[in-house]
Amino acid sequence: MRLPRINILGVGISAINLQQAVRQIDEWISSRDAQYVNVCTVHTVMECQNAERLRGLVNASGLATPDGMPLVWLGQLHGYDTAGRVYGPDLMLAVCEQMQAAGRRHFFYGGAPGVAERLAAKLQGRFPALVVAGTHAPPYRPADAQEDQDVLDAINATAPDIVWVGLGTPKQDYWVARHRAQLRAPVLIAVGAAFDFHAGLLKQAPRWMQRNGLEWLFRLVQEPRRLAYRYLVYNPLFVMRVALQLSGIARYAVDEPGVGY
């Protein structure tokens with residue numbers, strides 16, 4: 001059964017909370033139901049405005065979780081009172097913790113050289129029963145067809161239950177959709193900056209800033225050169241377009257059946 005979604009600028013965002021997301025992922029693993037998850041922020045929604053293909057693959061995902069607080073608030077505005085933030089770093093910790101007992105196998109794909117290994121070691125220090133199937137840091141340059149296939153074969157050989165993908169949006173979102181059919185792991189999760197946060201390379205915003213939708217400001221101060229366009233251009237555009245959508249002046253269709261409000 002498909003979980004409910006709301007239409008935010010033509011992107012179907014799952015109206016769920018963290019506990020529901022973890023439960024759904026565990027169910028997919030138990031049933032060996034091949035799915036991928038996009039952890040979605042305002043940045044993801046805005047990237048989808050410029051790329052029809054990206055919007056289509058996010059809408060076709062098993063879950064498009066509300067990582068950003070504005071997406072949570074919009075869900076609640078439209079009657080989903082139990083909707084909550086499914087923040088990538090929190091999702092990773094919750095899944096790793098709750099699936100230890102079942103021996104779920106985790107593969108970490110992404111990050112700069114050494115980051116995935118450092119992440120795996122940090123997580124195993126926190127969750128001693130965590131099973132790490134493997135790690136891989138892709139090259140910065142595009143891989144050719146043979147290199148790509150070799151990596152997929154290597155991942156399959158480790159028999160993971162979950163492949164965590166940290167390549168940044170939208171690269172990671174394209175990657176999970178493009179490789180879904182070639183990987184035998186039941187669940188692929190495009191999780192973004194969780195790799196750098198849990199590897200200890202980036203500091204997370206205080207919880208009060210996260211709860212109040214101010215994490216963008218904290219991250220902008222940390223990485224102004226890289227994130228200025230994302231936050232100073234995309235955020236105001238998002239607010240303007242959502243206001244037009246809510247007023248009925250602008251309409252956005254979701255190209256996936258059963259999605260919308």
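Two strands pair if DSSP finds at least two bridges between them. Strand β7 (residues 162-166) and strand β8 (residues 187-190) go beyond that wording with four bridges, in the parallel sense. One of the contacts is between I162 and its bridge partner in β8, V187. The model described here is predicted.

**The open sheet**

β7 and β8 belong to an open sheet of six strands, in the order β4-β3-β8-β7-β5-β6, with parallel pairing. The edges are taken by β4 (63-66) and β6 (131-136); each has a single partner strand, so one side of each is left without a neighbour in the sheet. On average, neighbouring strands of this sheet are turned by 20° against each other, direction ignored.

**Helices beside the sheet**

Helix α5 (residues 88-98) lies across β3 (35-40), β5 (105-110), β7 and β8. The helix runs at about 160° to β7.

Helix α8 (residues 171-179) has the buried residues Q172, D173, Y174, W175, V176 and H179. What covers them includes strands β3, β5, β7 and β8, and the cover also includes helices α3 (52-59) and α7 (145-157). An α-helix has 3.6 residues a turn, so residues three or four places apart point the same way.

**The hairpin of β1 and β2**

Strands β1 (residues 5-8) and β2 (residues 11-14) run antiparallel and are joined by four bridges. The bridge partner of I6 in β2 is I13. Two residues lie between the strands of this hairpin, and L9 takes a positive phi near 55°.

In a regular strand the side chains alternate between the two faces of the sheet. In β1, R5 and N7 point one way and I6 and I8 the other way. All four of these residues are buried.

**Cysteines**

How many disulfides does the structure hold? The structure holds zero.

| Cysteine | Closest cysteine sulfur | Distance |
|---|---|---|
| C40 | in C48 | 6.8 Å |
| C96 | in C40 | 20 Å |

Is C40 buried or exposed? C40 counts as buried because its relative accessibility is 0%. C96 is buried too, with a relative accessible area of 0%.

Terms used. Residues numbered from 1 in each chain as written. Predicted model: local features only at pLDDT ≥ 70, side-chain atom pairs only at ≥ 80, totals over all residues. Heavy atoms only, no water. Disulfide = S-S within 2.5 Å. Buried < 20%, exposed > 50% of the residue type's maximum accessible area, 1.4 Å probe, protein only. Axes fitted to C-alpha atoms, helices over the stretch in contact; angles between N-to-C directions. Contact = heavy atoms within 4.5 Å.
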